[in-house]
Amino acid sequence: MKHEAIIQEFEGKLKEYTRTAACKRRFVHVERLLDWLRSPVEPHVSHADRLLHVAYSKRASPGLPIALEKFHPGDECCLLVFCILHMIDCENKIHVFVRRGKIDRLLPLRWDSVQDTFRAAGVENQDILSRFYELQYLFCPAKFEMHGDNDWGEEFVIPICTKNSIKKGGTAELWQISVPEEFVGPTLRNIASGSRFDNNFGSGKEPDWHYQFALKTFYGANYADYSNEVDAFRGLKDHEGMVRWLANYEKAISSGGSQENGATGHSGHKADNKTYNILLEYGEMDLGVYFGEMPPPALPSDIEAFWRPLFAIADAVKGIHNLKTNDTGIAEEYYGWHADIKPDNILFVERATVNTTFDGNENSEPVKREKTFKLADPGFAKFVEKTMKDSEGVPKQRLRGGTETYGAPEYPGRSDNPVSQAIDIWSLGCVFSLAATWIALGYVGISQFNQIRQLAIRKRVQARLGQDKSQNQVIEGSQGDHFHNGHRVLEDVTHWHIYLRTVLRKTDTITSQVLDLVDEHMLLESAEQRINASRLCSTLDLILKSSSQASEPQLPDTIKAVLEEAADVGSLYQTSSIRHSQATWGKGALSNAATVRGARKSIYERSLKSIHLRASGLEQSSRGYDVNHLENEDVSSDPVAETPLMSHSTSPPPRKATTHDRTSSDSTIQTILSYRSRRGILKRHVPMNVFQAREAIERRKGGFKLFSRNKHEETKDNLLLTSYFRGTRDIIFLVDNAESMEANWYEATYLLETLVEMAEGLDEDGMDLRFTTGTVKLEGKDSATKFVNSMKKARPIKGTRTDLRSSLGDVLDVYKNKLRERRMHPSITVKDVVLLILTDGIWAGLDDKQLVAEKLKDFQKGLKDIDDSLKLRPFSVEFIQFGNDEDATKRLIYLDDYLHKEGVPDIIDTEHSSGDVNKMLLGSFVEEYDNDEGAEMDPLGSPSSYYQFSDREMSPTSIHSEPSLPLGNATKAVQNPMTGQNHHRDGSGSSSHFRR
């Protein structure tokens, strides 16, 4: 082979094994490159041997100045050094590096060592030296080792391939990351084996194994929190019930603003040029998300299978309260406080354990994987060494953080007074209360329960304000969502537990006992009277033992098979719904087995999910609701979940209610439940209007508003958007700035600003903004401020009219041109696109409105000719309507509901500006949202009946009708508002058939 061909082959392999990390810096898969270099091209000749001969082909003296056995003798090789020298055209200096012992194992070389070695080789050019020094970091990226504690300089590349924000808190940001197997140490690989996945699965390529982890990143201002959390994790590292701490590291941020860990720089921090990071075991979801994504169990065995791992959280608390360490060979004991037990800090993880029944059979596995719950985030934990003096009384400490909702009366998330470990028992009791609610009523029951507590607190605040009109009065416990009234458990919480006992399944022998434990031993006013962690664990063990003695109901095989299949589907639902939620790995999201099971799941999921909802009385209503029906309803909070009394048989007889229970009983609960029957059934996806979205954004930024949306909903909203976008879809906004939009411009600006803030980070290369008229535009921006400024510059001018066909066509043409370019050059990546059009739908600059539909038809037809992939909705369009122009509304509904019946794939959705902001972002390409009903809007008035037309407006008498078709039901012809052609709909008289 000619020298040029040998070099081209090598450079091609070098390029193939070079990856770009999430921080946009490159690194090399060193092990793969070395394997190729050492592989033979002919007997006793490797690729490396051949390259070495090429490097010295112009040498006047015969032979090589370096023995081949010195070139690549295993650990003492210098192949990587050779690669670096090749990249700076100095490969013929490799013999100098070998003689001076500058081998691969010593990389990266210090600057003075680089200078000395090149000086010995007769090279003084500083540019060459600098290039070598910089390029060497391509070949020695950081490597994660179990319990590693590293301080990596800014030159080091962290080989994180995918990185998605899970949650941004007040002190740190939590990320979901994937790391190639090569850069995960052997011990860590074994510990994290359950998170291993093939990034090339299903592609036909060689396996590309990665591991997924959680990464918690702190910045300089919060170094104390980082240090405290690392210390807590170190102390708890051997505790099975805690999420595993795997490693921690500090990473310098380059002065150029490298986004190595998402840092942007924060002045005044301990080390403004550093991030502080904790690598953690990855949890598929937290308990709050679990409640929202998983159907509650039906069979007694499934109910026990849920409670058993959740009870393990009590064991974790026991281990914290009485921590024992023996790291140095000297046993030490500590009192501990977690101080922030809540659903968000309980993670659903996969645990790998040794399979004691493994017999070598191909149908069994040496490692058994099981799902369990683990306690996480000891960021506010505190530990104090036990002394003889401490044994005389109850240990108490001043703590510095926590979450108000689950905080005890004596410690609602903050206090200057020392508190006992009983605060954790209270918080765990709150978690058990929510879990019992989910078992009985599902996630909608949790929404009801949240609303009940908020209303109870509001009534208390109003009553106190009525007693003292002072404007400066601070009402104790008046803010937020609590399980107590400032002193003791809310009466409504106790009443709710009584109610739950009446709707539990007859065969559920566990949940009622848990509720008794919560009421009688955990949610007590006196901290001293609460059960301690050791006794709590013993009591929970007894509950499980008594449950295991109960007999499973004898069901016919056919019924049992369906229930088990439904449970299996439910257990897999998170695979798709953390969908892509927290497992956002693109085509490498799942392990082989999970992907195969996911394929099977798709057959059953839709029908079984529907059956489950109907069986629980949770059918979605086709109508919205009027918040005025509930006198004390808070508009800014979650819509109440409207579950009817479940049709389960009662559990063992509940405790008798006292006279007080019956007289004052359940006023708030009855209000909520009666309101439920007036409003219909809650949709699975709780809608969020622009104002609720802004409030959620403010909360994420650290602000606080009374009675805001439930925090679990906000977390789910963040995960929801991340899971569907996953960095693979471009976001383009097209704003109609015709004269007719002037009256809606402030609203349009506010909504656009909100959508941009919600979508921040979802489009990896930033979002784009276009206008229907003028030259103002943005490309690749994430700053909401820039979008608002552009809206000011592009404000409608009198006399301007919109020709949407033209401005829409410009965007479509750009996308088609990219596809054509990719067809010519397959290595080019073209991301999917979601186009959000903010418009009033009037389009006065277009005489024939049908041309918009024709433009979309032509685009889709051309797309088939250019792109032969089987992707669904690679380009989708969301129309967001402002105002209430009747003809415009009909036009948009036609594009949404009927265009796909004319051969155009369903890539279009529409939502009113007062509707669900999540639907605006997802409705055009996520089927669940496309099929979901958005905001209700009366085309002749206010947003009260979403795109709903009366039968008179759309009846055959008002338009050109056609004969009814014999489809079993009478049909009515509906006119295409763009063309005058007729479509048919059910003539049952229900206008909901013509509504999104």
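Helix H5, which spans residues 79–87, is mostly covered in this predicted model: eight of its nine residues are buried. The buried residues of H5 are Leu79, Leu80, Val81, Phe82, Cys83, Ile84, Leu85 and His86. As a rule, an α-helix has 3.6 residues a turn, so residues three or four places apart point the same way. After H5 comes Asp89, and the phi angle of Asp89 is positive, near 60 degrees.

The protein has 996 residues, and 54% of them count as buried. Its secondary structure comes to 30 helices and 25 strands. How much of the contact in the protein links residues 24 or more positions apart? Among the contacts with a separation of 6 or more, such residues account for 72%.

The backbone deserves attention at several points in the loops. In the loop between helix H6 (94–99) and helix H7 (111–120) lies Pro108. The peptide bond that leads from Leu107 to Pro108 is cis, and its omega is near 0 degrees. Another point is Lys24, in the loop between strand E1 (18–20) and strand E2 (26–28). Lys24 is not a glycine, yet its phi is positive, at about 75 degrees. Is Lys24 buried or exposed? Lys24 counts as exposed because its relative accessibility is 59%, and the cut-off for that class is over 50%.

Ala339 also has a positive phi of about 75 degrees although it is not a glycine. This residue is found in the loop between E14 and strand E15 (346–354). The relative accessibility of Ala339 is 8%, so Ala339 counts as buried; the class of buried residues is set at under 20%.

A search of the whole structure finds three cavities of 30 Å³ or more. The largest cavity holds about 70 Å³ of space. It is lined by 13 residues, and those closest to its centre are Ala339, Tyr406, Gly407, Tyr411 and Ser427.

The last stop is Gln529, in the loop between helix H15 (511–522) and helix H16 (533–548). With 58% relative accessibility, Gln529 counts as exposed. Which residues are in contact with Gln529, leaving aside its neighbours within four places in sequence? These contacts are with His521 and Leu524. The C-alpha atom of Gln529 is separated by 8.9 Å from that of Ala422, a residue 107 residues apart from Gln529 along the chain.

Conventions. Residues are numbered from 1 along each chain as its sequence is written. This is a predicted model: local features need pLDDT of at least 70, side-chain atom pairs count only at pLDDT 80 or more; totals for chains, interfaces and linings use all residues. Side-chain values use heavy atoms; hydrogens and water are left out. On a 1 Å grid over the protein atoms alone, a cavity is a set of points where a 1.4 Å probe fits but cannot get out, and a pocket is an open set with protein on both sides within 12 Å along at least five of seven lines; lining residues have an atom within 4 Å of a point. Grid points are joined across faces, edges and corners, and a volume is the space filled by probe spheres set on the points. Helices (H or I, at least four residues) and strands (E, at least two) are DSSP runs, numbered from the N terminus. Buried means under 20% relative accessible area, exposed over 50%, partly exposed in between (1.4 Å probe, protein chains only). Contact means heavy atoms within 4.5 Å.
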